[in-house]
Amino acid sequence: MIEKLLVFCYHYSMKNNKIIIYVGLIIVLISISLLYIFNDKSLSDNIFNKNWYKYNYKTGYYDVININKDTFSYVIPTNTNESNPYDKCSRYNYDSKNKELKLNCNKKLIIKEIKDDYIVFNIDKQDNYFYSSTLDSLNHEFYNIFNMSVSEYKKSKESVLDLIKVKSNKINEIYNSDEYSKVIFIGDLCTSIECTLGLDIIEKWINFDSNVYYIDSSSLNKNDYKNLKVLGEEFNDVYPSVYVIKNKKVVDKYKIKCNGFDCSMYY
């Protein structure tokens, strides 16, 4: 009888030990899962499969970074054949401890901040803001240089156009003059940054020359086009259009196109 009781106790004890082990394993697995969920150091899905733009205020182009789970690209457009140091960077490893994208071209980008609409990358020890919107990037870089937004800058300068605004019937007089004159056309299609920066150019021109005129090309009608026939037919453009006139001749015509924010070539 005693032997049977001992055998029962032994089996009961073994069964309880197995239950304790199973429960312990379950607790460990749950703990590991929770630690993984709350300490996952992988890149945020928000940055994948979209272009991130940084307006280059020196060139007027947008630098573009694109990242997905497998590949990487960093495009830096230029006016020349200058090579892009990131041309051969196509893949990366993410170092979660240092928040670094280690590229397969011996370069690295440090992620300082990730938001829904922008990412801050530290590149060559300098913070660079890349936006999902080109306009937001342009405004960010503009504010950094001029300490005001594009709209604020434009508002502070646009009164200069009122000083030199003329109607199309003035063209005949300008066209027949023996003095050099500049006629600037800016209209509703003028959407480039030069349409804002051009106001500063015009302001400088009129400080030294009284023969500078402005025509609003978005308000032209059939009559106006007849008056302007001596100049051409198309005046509404994404860039400010300038006509240099003297002695019944269009001596020169061009569109104001700056190097990023640098328009000094027109001063």
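# Briefing: strands, salt bridges, rings and a pocket

Strands β6 and β7 make a hairpin, with 3 residues between them. The model is predicted. Strand β7 is mostly covered, and 6 of its 6 residues are buried. The structure also holds 19 aromatic pairs and 10 salt bridges. Its largest pocket has a volume of about 620 Å³.

- Strand β7 spans residues 118-123.
- In a regular strand, side chains alternate between the two faces of the sheet.
- Y118, V120 and N122 point one way from β7. I119, F121 and I123 point the other way. Residues on both sides are buried.
- On one flank, β6 and β7 pair in the antiparallel sense over 4 bridges. I111 has F121 of β7 as its bridge partner.
- On β8, the pairing with β7 is also antiparallel and runs over 6 bridges. Here F121 stands opposite N128 of β8.
- β7 and β8 form a hairpin with 2 residues between them. D124 sits in that turn and has a positive phi of about 50°.

- β1 and β2 pair in the antiparallel sense, over 5 bridges.
- W52 stands opposite I65 in β2.
- This hairpin has 6 residues between its strands. G60 there takes a positive phi near 90°.

**Salt bridges**

- Side chains of opposite charge can pair when their charged atoms come close.
- The model has 10 salt bridges.
- K69 and D45 meet in one of them, at 3.8 Å from N to O. K69 lies in the loop between β2 (62-67) and β3 (72-75), and D45 in the loop between α1 (2-38) and β1 (51-55), so the pair ties together parts that are 24 residues apart in sequence. K69 and D45 are both exposed.
- D127 bridges to K112, with the closest N and O atoms 3.4 Å apart. D127 has a relative accessible area of 38%, so it counts as partly exposed. K112 is partly exposed too, at 47%.
- K255 and D237 form a salt bridge, their closest N and O atoms being 3.7 Å apart. K255 is in strand β12 (residues 249-255) and D237 is in the loop between α7 (222-227) and β11 (241-246), so parts 18 residues apart in sequence are tied together. K255 is partly exposed, with a relative accessible area of 34%. D237 counts as partly exposed at 23%.
- Salt bridges also link K157, D200, E203 and K204 in a network.

**Aromatic rings**

- There are 19 aromatic pairs in the structure. One of them joins Y53 and Y62. Their ring centres are 6.2 Å apart, with 85° between the planes. That makes the pair edge-to-face.
- Y62 is partly exposed because its relative accessible area is 23%, and buried would require a value under 20%.
- Ring pairs build a cluster from Y53, Y55, Y57, Y62, F142, F146, Y153 and F261.

**Charges over rings**

- The charged end of K107 sits over the ring of Y86. It is 5.5 Å from the ring centre.
- K182 places its charged end over the ring of W205. Here the distance to the ring centre is 4.8 Å.

**The largest pocket**

- Rolling a probe the size of a water molecule over the atoms shows where empty space is left.
- The largest pocket has a volume of about 620 Å³. It is lined by 24 residues. K54, N56, D63, Q126 and N128 are the closest of these to its centre.
- β8 and α2 (134-146) each supply at least two lining residues.
- β8 gives the most to the lining, with 4 residues.

How values were computed. Residues are numbered from 1 along each chain as its sequence is written. This is a predicted model: local features need pLDDT of at least 70, side-chain atom pairs count only at pLDDT 80 or more; totals for chains, interfaces and linings use all residues. Side-chain values use heavy atoms; hydrogens and water are left out. Rings of Phe, Tyr and Trp (its six-membered ring) pair if their centres lie within 6.5 Å; planes under 30 degrees apart count as stacked, over 60 as edge-to-face and the rest as tilted. Buried means under 20% relative accessible area, exposed over 50%, partly exposed in between (1.4 Å probe, protein chains only). A charge sits over a ring if NZ of Lys or CZ of Arg is within 6 Å of the ring centre and within 35 degrees of the ring normal. A salt bridge is a side-chain nitrogen of Lys or Arg within 4 Å of a carboxyl oxygen of Asp or Glu. Two strands pair if DSSP finds at least two bridges between them. On a 1 Å grid over the protein atoms alone, a cavity is a set of points where a 1.4 Å probe fits but cannot get out, and a pocket is an open set with protein on both sides within 12 Å along at least five of seven lines; lining residues have an atom within 4 Å of a point. Grid points are joined across faces, edges and corners, and a volume is the space filled by probe spheres set on the points.
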